[in-house]
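Hi everyone, thanks for making time this morning. Let me put the structure up on the screen, and then I'll talk you through it.

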Amino acid sequence: MRKVHTYQKYSERENWVTNNTLLFLSRLQNYNNNKFEKVINTILQENNLYLNIGVKFYQQEKVAKSIFDGNIFQDEFKIAIETKLFDNYSLSQMKNHIDSLSSENGKNRVLLALSKSELSRHIKAQIVEYIKVTNSDIKLASISFSGLIDLVLQNIAEYEIEFIEEIEEYREFCLENRLMMDKNDYMLVVTAGTSLKENLEYGIHYDPVERNHNTSFKYMGLYVNKAIVAIGEVKYCVWADLVNDSIVINNEINVPDDVKDRISGIIKNTNYYDIRKGHKFYIVDKFYPTNVIKTSSGSLRAKQYFNISDFPGVTAVSNAEELASSLAGKEWQ
């Protein structure tokens with residue numbers, strides 16, 4: 001098995017992009033194993049899979065007929081990465097990867113797709129179906145280069161200057177090699193339902209802080225009853241708690257007082273969920289009404305990313321109001 005090298009040693013672009021990404025992750029692991037473990041497990045959270053990475057120390061562990069005074073162990077796992085520079089995944093290649101991983105021993109085996117954007121819903125569904133048909137226990141995960149950077153950055157404090165420089169170095173590498181999508185081209189659509197009234201009133205969508213969005217986006221859409229009904233431009237992402245009737249911001253971001261008031265308002269007026277602690281709040285300028293109809297069967301599952309240019313006839317837009325107007329009456333599957 002080849003060791004990860006500091007300098008590029010491969011002629012194939014995908015190989016040295018993968019090499020530099022592994023180098024970036026290995027430096028994170030060397031810097032702080034707990035942060036590395038959190039990043040990996042966030043990527044895998046959709047699979048309900050949690051990996052203990054590195055040696056673990058436990059005492060007084062009860063097993064079948066004994067209680068050990070102490071235990072030192074390391075979980076067995078393997079994460080195999082398939083890197084693409086242009087999101088051009090081949091179903092046959094991914095099936096071959098699944099077959100290869102299935103033939104190996106180990107209780108936690110993951111195929112991770114790494115590219116400019118996450119796997120499309122179409123090819124992801126085909127791969128998951130193949131896993132089911134072959135009775136494989138392989139897990140499938142996907143993340144973009146920009147999503148990986150954002151995820152690592154979320155776990156690094158502002159004072160950790162040394163590793164922030166490491167992140168910026170990797171970001172520059174990705175930008176120079178056009179591995180990152182322009183967030184201005186993307187919209188994240190999330191299900192609203194019960195919270196729609198408060199979302200519209202305060203111009204806010206909220207999520208648990210541990211829920212990751214792996215592709216950068218400029219716009220956010222609200223989905224309910226088989227349609228995107230409102231679109232706003234994201235201005236802030238604030239990790240906040242309501243403590244003693246005051247908003248405490250946890251991600252070291254400066255926001256105006258009116259934004260804090262909006263966060264406080266939606267927390268206090270949301271009675272069906274407890275969002276006082278452990279949530280992040282996406283603040284938009286305003287949610288503008290629209291009606292973008294989902295024609296395929298079934299409802300949206302939690303979230304979906306859209307490249308704005310994928311909608312026929314939609315020209316360049318400069319703000320959320322223009323986007324909402326341009327998309328009104330259009331359809332998607």
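So, what radius of gyration would a compact globule with 333 residues have, and what does the protein have? Keep in mind that this is a predicted model. For a compact globule of 333 residues we would look for a value near 20 Å, and the protein comes in at 22 Å, which agrees. Along its principal axes, the C-alpha trace spans about 55 × 50 × 40 Å.

Now a bit about how the chain is put together. There are nine helices and 14 strands. If you take the contacts between residues at least 6 apart in sequence, 70% of them join residues at least 24 apart. Buried residues account for 46% of the 333.

Let me zoom in on one helix, α9, which covers residues 320–327. Which of its residues are buried? They are A320, L323, A324 and L327. These residues cover an arc of only 100° around the axis, so they sit on the same side of α9. And what do they pack against? The partners are four strands: β6 (186–191), β8 (219–224), β9 (227–243) and β12 (288–294).

N319 caps the N-terminal end of α9, with a side-chain oxygen 3.2 Å from the backbone nitrogen of E321. Following α9 comes G329, which has a positive phi, near 90°.

That's my tour, and I'm happy to go back to any part of it.

Key
Residues numbered from 1 in each chain as written. Predicted model: local features only at pLDDT ≥ 70, side-chain atom pairs only at ≥ 80, totals over all residues. Heavy atoms only, no water. Buried < 20%, exposed > 50% of the residue type's maximum accessible area, 1.4 Å probe, protein only. Helix = DSSP H or I, 4+ residues; strand = E, 2+ residues; numbered from the N terminus. Arc of directions from axis to C-beta. Contact = heavy atoms within 4.5 Å. Polar contact = N/O pair within 3.5 Å; in protein donor to acceptor, adjacent residues only side chain to side chain. Rg over C-alpha atoms; globule rule 2.2 N^0.38 Å.
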